[in-house]
Protein chains: 2
Amino acid sequence: MYDCTNFVIKTVWLEYPDVEPTMKKIGAPPTSKKADGSPSYTIPAIYDDSTGTAIADSALIAEYLDETYPSTPRLIPPGTHALQGAFRELFYSKLMPLVARLVVVNVPSMLPTPRSIEYFNKRRSEDLGVSTLEALRVPPEEKDGEWDKVKDVFGIVNALMKDGDTWVMGDTPSFADFVLASWGATVRSMYGKESAEWKRIMSWDEGRWERLMMAVEKYSAVPTL
Amino acid sequence: MYDCTNFVIKTVWLEYPDVEPTMKKIGAPPTSKKADGSPSYTIPAIYDDSTGTAIADSALIAEYLDETYPSTPRLIPPGTHALQGAFRELFYSKLMPLVARLVVVNVPSMLPTPRSIEYFNKRRSEDLGVSTLEALRVPPEEKDGEWDKVKDVFGIVNALMKDGDTWVMGDTPSFADFVLASWGATVRSMYGKESAEWKRIMSWDEGRWERLMMAVEKYSAVPTL
């Protein structure tokens with residue numbers, strides 16, 4: 001764990017239907033608009049009670065922490081604001097269409113509660129272009145193919161990085177590494193450390209992502225689930 | 001023009017059918033593979049006769065120049081190799097599907113020669129998912145819609161950059177700026193400085209791209225066409 005002696009970090013996990021009311025309660029602004037033009041509230045978000053500030057969107061959170069706590073490691077080194085944003089946009093634009101089919105209904109240990117399922121079927125499903133959560137279920141014979149597509153997305157990043165580098169920026173960890181590692185951590189949390197899915201990712205690109213996950217571990221303020 | 005007193009730069013323009021034989025002649029390696037697995041040769045490429053080196057692919061050229069001529073401005077500042085690559089990948093992956101319909105047959109002053117048209121129809125058309133060059137022609141009533149899509153791509157980059165910054169990295173020009181400016185220069189060359197198309201781009205995002213084009217002008221080693 002990163003030395004955060006002066007910080008007390010409390011993590012709160014939210015179910016789908018609790019995101020919007022909780023963001024409104026802490027004063028975190030919406031991060032985008034829904035299809036109907038109304039504000040869309042998303043997580044992750046932080047509430048910093050030493051300054052009374054609430055922020056949503058991982059890139060905005062990173063910038064806030066860099067500015068507010070300049071003596072801690074910087075997530076976005078000077079001059080790289082737009083490049084870090086481009087990295088996230090590239091990775092998300094390739095990965096997001098695949099994510100829905102790899103999580104939630106397809107992970108037996110992580111089935112959402114009935115109220116989350118109800119909320120999802122009413123509200124979130126249209127964002128993903130399906131009518132119900134159940135429609136995202138991947139038949140067993142298609143799973144390998146879905147994972148191969150995820151492998152290709154990580155392969156794009158692998159091709160951009162120099163051989164032997166652990167961090168996207170070479171010598172120093174930055175926002176981009178945590179964009180990658182957060183998806184590794186998501187799979188590890190959902191499927192478990194002993195799962196074939198987790199071991200699959202760790203084997204890709206000659207173990208590059210396993211090395212990244214090990215390297216980010218000391219910065220983790222959230223206990224591994 | 002950038003001060004390149006010690007360099008003599010000669011620009012050679014190539015037609016489609018001359019790319020592969022010229023790259024082979026100067027010894028520039030292929031940059032990717034064609035659908036059938038055979039090597040694909042592309043431009044831009046450079047031949048540096050002071051070292052006898054031939055390189056294709058704009059990012060590889062940039063890295064070569066940074067390493068070989070360290071006293072000139074760096075295109076890829078230390079640590080930004082993968083981030084600059086992600087920027088190019090993001091911009092190209094959004095823009096490339098639109099480019100074919102904005103150029104070539106749709107620019108009366110730039111119609112390729114008969115031998116380029118013949119080559120294109122035989123070899124390049126399948127890369128673009130069409131049977132002939134002519135199939136790329138955009139009906140007049142669809143042109144505005146096509147340009148609006150290009151505007152959206154530049155809008156993504158605009159949203160990533162900080163207000164008021166001319167360069168993607170803030171204080172310093174880098175590879176990413178030339179990725180953007182090269183598309184501006186392409187439109188300016190093809191349609192002309194007085195064209196509605198060029199003025200359209202210059203009006204986007206509160207004149208951000210006009211400022212960028214003015215700022216890169218002094219680095220241009222190629223006379224404006």
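Here are some worked exercises on a predicted model with chains A and B.

Before you start, note that residues are numbered from 1 along each chain as its sequence is written, while chains are lettered from A and ligands numbered from 1 in the order in which they are written. In this predicted model local features need pLDDT of at least 70, side-chain atom pairs count only at pLDDT 80 or more, and totals for chains, interfaces and linings use all residues; side-chain values use heavy atoms, with hydrogens and water left out.

**Exercise 1: the layout of a chain**

Task: Work out which elements chain A has and in what order they run.

Solution: 
- Step 1. Start with the elements: chain A has eight helices and four strands. Helices (H or I, at least four residues) and strands (E, at least two) are DSSP runs, numbered from the N terminus.
- Step 2. Now walk along from the N terminus, and you'll read α-β-β-β-β-α-α-α-α-α-α-α.
- Step 3. Next, look at burial. Of the 225 residues in chain A, 39% are buried. Buried means under 20% relative accessible area, exposed over 50%, and partly exposed in between (1.4 Å probe, protein chains only).
- Step 4. Finish with the contacts, where contact means heavy atoms within 4.5 Å. Among the contacts in chain A with a separation of 6 or more, 61% are between residues 24 or more positions apart.

**Exercise 2: where the chains meet**

Task: Describe the interface of chain A and chain B.

Solution: 
- Step 1. On chain A, 21 residues are in contact with 21 residues of chain B.
- Step 2. The area buried between the two chains is about 1,800 Å², and carbon and sulfur atoms give 73% of it. Buried area is the accessible area (1.4 Å probe) that two parts lose on being put together, summed over both.
- Step 3. Who gives the most? A:A82, A:L83 and A:L160 supply 32% of the area that chain A buries against chain B, more than any other three residues.
- Step 4. On the side of chain A that touches chain B, the elements giving two or more residues are α3 (81–99) and α5 (143–160) of chain A. The largest share, eleven residues, comes from α3(A).
- Step 5. Sort that side of chain A by type: eleven residues are nonpolar, six polar and four charged. Here Ala, Val, Leu, Ile, Met, Phe, Trp, Tyr, Cys and Pro count as nonpolar, Asp, Glu, Lys and Arg as charged, and the others, Gly among them, as polar.
- Step 6. Check for salt bridges across this interface: the rule finds zero. A salt bridge is a side-chain nitrogen of Lys or Arg within 4 Å of a carboxyl oxygen of Asp or Glu.

**Exercise 3: how the copies are related**

Task: Find which rotation superposes chain A on chain B.

Solution: 
- Step 1. A rotation of 180° with 0.0 Å of shift along its axis does it (RMSD 0.0 Å). That is the relation of a two-fold axis. Copies are superposed by least squares on the C-alpha atoms of residues with pLDDT of at least 70 in both.
- Step 2. Compare the surfaces: 100% of the interface residues of chain A are also interface residues in chain B, so the copies meet through the same surface.

**Exercise 4: charged pairs**

Task: Follow some of the 18 salt bridges found over all chains.

Solution: 
- Step 1. Begin inside one helix. The side chains of A:K149 and A:E146 meet in a salt bridge (3.3 Å, N to O). Both residues lie in helix α5 of chain A, three residues apart, about one turn of the helix.
- Step 2. B:R200 and B:D144 join their side chains in a salt bridge (2.8 Å, N to O). This pair links distant parts of the chain, with B:R200 in helix α7 (residues 196–203) and B:D144 in helix α5 of chain B, 56 residues apart.

**Exercise 5: a tryptophan**

Task: Decide whether A:W209 is buried or exposed, and which residues it contacts.

Solution: 
- Step 1. Find A:W209 in helix α8 (residues 208–216) of chain A.
- Step 2. At 2% relative accessibility, A:W209 counts as buried.
- Step 3. Leaving aside neighbours within four places in sequence, the contacts of A:W209 include A:F154, A:V157, A:L180 and A:W204.
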